[in-house]
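Work through the exercises below with the model open beside you, and try each task before reading its solution.

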Amino acid sequence: MTDHTPDATRQRLEQGLRSRADLLTEAPLTLADVRTTARSIRRRRRAAAAGVAAAVLAVVAVPVGLGLAGTTDREVQPAPAPSPTAPAPGYLEDGTVHHLDGTDVALGGVQGVRAWAPLGPGYVADATRQGGRVVSFHDADGSLETTWPAPTTRSFVVDGDGRHAAWVLPSGEPVLLDGTTGELARLAPVAGARSPEAVGVLGTCPDDCGVVVADRGGRGPGATYLVPVDGTARPFLPEVPQVVALSPDDSLAAGLVGPAPDDIHSCGGVWSTGSGQTAWEDCSDNLYLFSPGSRYVATTFAEGLGPNSLRIKDAATGVLLHEMSLVDWMPGHVWVDDEHVLVNVQRGTDWSLVRIGVDGTEEVLAGPAPGVDEEEWGMAVSPYLLPTGP
Amino acid sequence: MPPTRQLLTATDADTGPMTDREAERDAAFTAWLAARQPALLRTAYLLTGDRHSAEDLLQTSLAKLYLSWDKVRDRGALDAYARRILVNEHTSLWRRGWKRREHAAAVVPEPEPLLESYDDGTAAQVWDLVQGLPRRARAVVVLRYYEQLTEAETADVLGISVGTVKSQCSRALTALRERTPSHLDPSLDPSLDPTSREEER
């Protein structure tokens, strides 16, 4: 947009600001003042980190206890308790995260956010900084803490408790980011992998977990590996040719086995990560996203311009619970709690965010709004960017 | 290659442990503080709209800068870094529902506007306009027209697109024009319109 406003108006604005501010010439704060506030901030940050750690311990304790009570690995564990410091997920618009509880947080220091997610008390994003693609780490206020090299293919993934993110560096090394400390651990690369990308995080981080990495570079469907934080890569679920998603409680994995008989869709399903046994299969969708409590899975079929419908299924049985009506395009969706999926929907030229319940309820939370021009796509795309879910 | 669990060097700021050079750090911070604090206070004042809130905002922002002092390797980028913290912290304060202290004026005297010789009465209108803007639009206007940052620099500080900076500035200028009585705005005075003069000739 070209600024056609006369210079005189701009000069008035500049003069008006100067006339108010330029009289302030004092320096009222001393080093002691600053240090006192800094100590307070440091204590608050430590308290927040301790709160997250306590919540994670509580979440881990639940499935262990149920396991001793005699449940099988096919049974779905209860939903983990949300982290006390994690705000309700929402969407990103024009660089600002709008949480569903009404709070806004601007992710500073980066532009062109491709993907983002709450991480611990702060945020992680796949964005552009100083002309280069980076993974950026932000504190709870959105201030940029630091950046690292971004993956060249799929973006980062987030673990089930929203505390760790993982991706594969351009060098082929998987990395694991601790959202509480900002510490990045570099893991052993998968030997011979041609195009590795992170699929999920398995286990209890930081000490007893690993990054699940799929190698999509070969001619076949590829292979999947588990790269533990302190070890070398080993095959993961070799029964499944292409693992595409992990349930947050680590009990289930979704994957693809090959093209459907109609040569259009894909055959895939859900497997037990413990026994490797098939839970269910069908030949319709190729994108899977498990709910936070691992009870449900949202599936879509993406080809061409992307998915235009969404199905919510029982994760353990594959029973269809609800199917969203067809739209023109729905390029993103994320679970906002264990009963609802937030979907980015295009109908005509307008975009909306629709919250869909397992019970079939649909509620428009934002929009309809026109699309925004995107140079990379050469077309109008959604003004909303949903977070990357676990 | 042995199993690895090494810390990766960050590209912007190191998240490793701080060094034990506190005295040196404090001396450097104090010197920077003396030089830059008045300017940051002015920016904070324009963002918040009152002196007391500005000092609160500045104190929190400086504390965050102090905590990050060792991470900022490029000392030439300190001002930009401090400005970014200041603006983002202002957004954060607003987000938390932090309320401006009603007694602020009774504690810290507000500065009277400096009426420059060229001021023709629109300074108050500018102030009302800027303080009435949404917080991020206000930040755009302050950075662009007071700090005199470029559109790209403003976008970088706020983490928004250059297009958004342009549109916010355009809206603010349009609003100011609409609020300015025509007899005070040369751009709205037909007698000063070059086209009119041409026609008169």
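**Exercise 1.** In which sense, left-handed or right-handed, does helix 1 of chain A pass helix 1 of chain B?

*Solution.* This is a predicted model, in which local features need pLDDT of at least 70, side-chain atom pairs count only at pLDDT 80 or more, and totals for chains, interfaces and linings use all residues. Residues are numbered from 1 along each chain as written, chains are lettered from A and ligands numbered from 1 in the order written, and side-chain values use heavy atoms, without hydrogens and water.

Finally, the crossing of helix 1 of chain A with helix 1 of chain B is right-handed.

**Exercise 2.** Find which residues meet where helix 1 of chain A touches helix 1 of chain B.

*Solution.* From chain A come Leu17(A), Arg20(A) and Ala21(A), which meet Arg42(B), Tyr45(B) and Leu46(B) of chain B. By class, this contact (heavy atoms within 4.5 Å) has 4 nonpolar, no polar and 2 charged residues.

**Exercise 3.** Identify what covers the buried residues of helix 5 of chain B.

*Solution.* In helix 5, residues 123-132, the buried residues (under 20% relative accessible area, with a 1.4 Å probe and protein chains only) are Ala123(B), Val126(B), Trp127(B), Leu129(B), Val130(B) and Gln131(B). Their cover includes helix 1 of chain A, together with helix 1, helix 6 and helix 8 of chain B.

How values were computed: Left-handed = near helix turned anticlockwise from the far one by under 90°. Helix = DSSP H or I, 4+ residues; strand = E, 2+ residues; numbered from the N terminus. Nonpolar A, V, L, I, M, F, W, Y, C, P; charged D, E, K, R; others polar. Buried < 20%, exposed > 50% of the residue type's maximum accessible area, 1.4 Å probe, protein only.
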